[in-house]
Amino acid sequence: MDLEQLRAACEARVEALRLPHRFSTRDLRDAVADQRGRPIILRPLSTLGAMDAPCGIRLETPDADLLFYEEATSPLHQNHILAHEISHIICDHPGSLELDRDTLRAIGFDPTLVQRMSGRTGYTSEDEREAEVMASVIRQLMYRGRESPSSRPASGAESWDALFAEPHRKNRHRK
């Protein structure tokens, strides 16, 4: 599937969620959870910048989907990580990450409960590519039609002239 076809398929999947014109990551999470009939639980993850460590992980258990996101990154990046991991759920990807039992216990999970798991470390597999395109589509739709601030404000305290004007100094000479 070429990129244009993949993007169209991702847009159709997101539209099928019937989200409002303006939606948040929470709205997306709630819509997917409703569709699946099970909660999606968000949890911070600290990889402390470790090489090859995933910045996001999806764990599927019999009762819930758990999404872990890197806590030591910007909120914008966290939202993209969550959109990517939710995309794995929307696309019903089988999961491709294998963590040992000790690692699962370290993040607070009984390894026998984990049915599927995905981790975001690279984009070489078809599932990772699809999840990343889907996340990009989701983020673009989230921000569609929103007005961004002017890159060159015309007046007021935020204008370029005000920001770069010479400072006004009160008369400091003593008489």
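Trainee: At what angle do helix α3 and α5 pack, and how far apart are their axes?

Mentor: Quick caveat before that: this is a predicted model, where local features need pLDDT of at least 70, side-chain atom pairs count only at pLDDT 80 or more, and totals for chains, interfaces and linings use all residues. Residues are numbered from 1 along each chain as its sequence is written, and side-chain values use heavy atoms, with hydrogens and water left out. Now, α3 (residues 75–90) and α5 pack at about 125°, with their axes 8 Å apart. Axes here are lines fitted to C-alpha atoms, for helices over the stretch in contact, and angles run from 0 to 180 degrees between N-to-C directions. Helices are DSSP runs of H or I with at least four residues, strands are E runs of at least two, and both are numbered from the N terminus.

Trainee: What do we call that arrangement of α3 and α5?

Mentor: α3 is oblique to α5. The cut-offs: under 35 degrees is roughly parallel, over 145 roughly antiparallel, 65 to 115 roughly perpendicular, and the rest oblique.

Trainee: Which residues of α3 and α5 make the contact?

Mentor: Among them are Leu76, Ala83 and Ile90 of α3, and Ala131, Met134 and Ile138 of α5. Contact means heavy atoms within 4.5 Å. By class, the α3 and α5 contact has seven nonpolar, six polar and four charged residues. Ala, Val, Leu, Ile, Met, Phe, Trp, Tyr, Cys and Pro count as nonpolar, Asp, Glu, Lys and Arg as charged, and the others, Gly among them, as polar.

Trainee: And α2 with α3, what's the angle there?

Mentor: About 15°, with the axes of α2 and α3 11 Å apart. The two helices are therefore roughly parallel to each other. On the α2 side, Thr25, Leu28, Arg29, Val32 and Arg36 meet Asn79, Leu82, Ile86, Ile89 and Ile90 in α3. That contact has six nonpolar, two polar and two charged residues.

Trainee: What else does Arg29 touch, skipping its neighbours within four places in sequence?

Mentor: With those set aside, Arg29 is in contact with Ile40, Leu42 and Ile86. Its C-alpha is also 8.9 Å from that of Leu82, which is 53 residues apart from Arg29 along the chain.

Trainee: Switching to salt bridges. How many are there?

Mentor: Eight, taking a salt bridge as a side-chain nitrogen of Lys or Arg within 4 Å of a carboxyl oxygen of Asp or Glu.

Trainee: Which residues form the salt-bridge network?

Mentor: Arg36, Arg38, Arg58, Glu60 and Asp65 are linked in one. Arg36 pairs with Glu60, their closest N and O atoms being 3.6 Å apart. That joins helix α2 (residues 25–36) to strand β2 (residues 56–60), with the partners 24 residues apart.

Trainee: Are Arg38 and Asp65 buried or exposed?

Mentor: Both are buried, meaning under 20% relative accessible area, while over 50% is exposed and in between is partly exposed (1.4 Å probe, protein chains only). Their salt bridge has its closest N and O atoms 3.2 Å apart. Arg38 is in the loop between α2 and β1 (40–45) and Asp65 in strand β3 (residues 65–70), so the pair ties together parts 27 residues apart in sequence.

Trainee: What about Glu15, which residue does its side chain meet in a salt bridge?

Mentor: Arg144, at 3.9 Å, N to O. Glu15 is in helix α1 (residues 3–15) and Arg144 is in the loop between α5 (126–142) and α6 (160–164), 129 residues apart. Glu15 is partly exposed at 47% relative accessible area, and Arg144 is also partly exposed, at 24%.
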